[in-house]
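These notes are meant for someone opening this structure for the first time. Please read them with the sequence and the 3D view at hand.

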Amino acid sequence: MNKNIKNKLSTALVLLALTSLGACHKGASHANTQAAETNTIEAQVLTKYPAIDIEMEAKKLAPHTYQIQGKAGIATDNGGFISNAGFVVTDEGVVVVDSLGSPPLAVEMLKRIRKVTDKPIKKLIITHYHADHLYGAQVFQELGAEIIAPIGSMKYVNADSAPARLAERRESLKPWVNEQTYIVKPDTIISETTNFSLGGQDFTINVVGAAHSDGDLTLLAHKDSVLFSGDIIFGGRIPFIGGGSTSKWIDTLAGMESGLKLKLLVPGHGDASNDPAAAIKLTKGYLVFMREVMGNAVEEMEEFVDAYEDTDWSKYEKMPAFSSVNRLNANTVFLSMEEESVE
Ligand SMILES: [Zn+2]
């Protein structure tokens, strides 16, 4: 090879190597800057909300699955920590399910997640738009997570009752729900069964529709075979019947009984279960019973007060949350069945 050409070639090679080194270095420093920014945002999120002193544990249920379990009670008991949340850790990031009842509770949850993994929070899936599962969402939104919610959630966002509820909680859950607290709008609304993968794991979001609320969904994490059911299943306690449709709710549970092969269930409230069929049966049995007794009362044109007094509740009255929700549930079902009867 001509010496001149040889020299030119080696110079070109050195230049090429330097350029790609530079590019490589640039790429790495860009990633570092991004990571530093994320850390700064997270540090801010961790300190910007009022502190709450609460017992909370991330219970490991399966190799990648954790549950954060609230205590049974009414909405303002235990600092508002009455519902469940959970998370699944993948190689690429964390999928969080539900966000608890206030930003400070969500911050506490974030701290528990950080004891397990330093991976970014990629998605927050909100099983349904009720305050006890929703008010912590802003914490995860501020961390850059995609907020995913079922169809029907915008009905909640746009309803007059949403700001009224927020105003009420700013009083009843002071100082944790305050002027900083806002209702997060979903980034993605799910209207039909949707699959996604993250960090080598597959997930299925099933849309239930208006059952417990104006819109419910469940999340199935395939690798650990765990279903996060939201409030369509309550574990070991009396369910709270919200504003959806009890007949649709019963149909959904019946479909789950026959169709799902699961190892593990994380309900919206109460204990996780290694026997999902039993948990489904309990919630479904209660709903069926409630529709039966209240349906009869409506048919007989009984007054609600008499119907409630005349019902034998012995099968359920020793269960947790009976005293706080049963009468309200009965009234909800009575009114909805009155409406159904004239439709
Ligand atoms: Zn709930």
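1. The expected span of a helix is 1.5 Å times one less than its number of residues. Helix α10 (residues 322-342) has 21 residues, and the distance from its first C-alpha to its last is 30 Å, close to the 30 Å expected. The coordinates belong to a predicted model, and the values below are computed from it.

2. Which residues of α10 are buried? They are Asn326, Asn329, Ala330, Val333 and Phe334. Because these residues cover an arc of only 135 degrees around the axis, they lie on the same side of α10. Exposed residues on the other side of the helix are Leu328, Glu339 and Val342.

3. As for the whole chain, it holds 10 helices and 12 strands. Its C-alpha atoms fill a box of roughly 105 × 45 × 35 Å along the principal axes. Of its 343 residues, 39% count as buried. Among contacts between residues at least 6 apart in sequence, 68% join residues at least 24 apart.

4. Leu124 has Ile147 in β6 as its bridge partner.

5. Nonpolar side chains tend to be buried together in soluble globular proteins. Here the largest nonpolar core has 76 residues, and those touching the most other members are Val96, Leu124, Ile126 and Phe140. Helix α8 (residues 276-299) gives the most to this core, with 9 residues.

6. What does Val96 contact, leaving aside its neighbours within four places in sequence? The list is Ala85, Phe87, Ile121, Lys123, Leu124, Phe140 and Ala145. Two of these names, Leu124 and Phe140, were listed with Val96 in the core.

7. A second open sheet to look at has 5 strands, ordered β8-β9-β10-β11-β12, again with mixed pairing. At its edges are β8 (194-198) and β12 (264-270), each of which pairs on one side only. Neighbouring strands are turned against each other by 30 degrees on average, direction ignored.

8. In this sheet, β9 and β10 (residues 216-221) pair in the antiparallel sense over 6 bridges. Asn206 stands opposite Thr218 in β10. Helix α8 packs on the sheet and touches β11 (226-235) and β12, with its direction at about 25 degrees to that of β11.

9. Is Thr204 buried, exposed or partly exposed? A residue needs 20 or more other C-beta atoms within 10 Å to be buried, and 12 or fewer to be exposed. Thr204 has 14 C-beta neighbours inside 10 Å, so it counts as partly exposed. Its place is in strand β9 (residues 201-209). Not counting residues up to four places away in sequence, Thr204 touches Thr193, Asn195 and Leu220. Thr193 is 11 residues apart from Thr204 along the chain, and their C-alpha atoms are separated by 7.0 Å.

Notes: Residues numbered from 1 in each chain as written. Predicted model: local features only at pLDDT ≥ 70, side-chain atom pairs only at ≥ 80, totals over all residues. Pairing = 2+ DSSP bridges. Helix = DSSP H or I, 4+ residues; strand = E, 2+ residues; numbered from the N terminus. Core = buried A, V, L, I, M, F, W, Y, C linked by C-beta atoms within 7 Å. Contact = placed C-beta atoms within 7 Å. Arc of directions from axis to C-beta. Axes fitted to C-alpha atoms, helices over the stretch in contact; angles between N-to-C directions.
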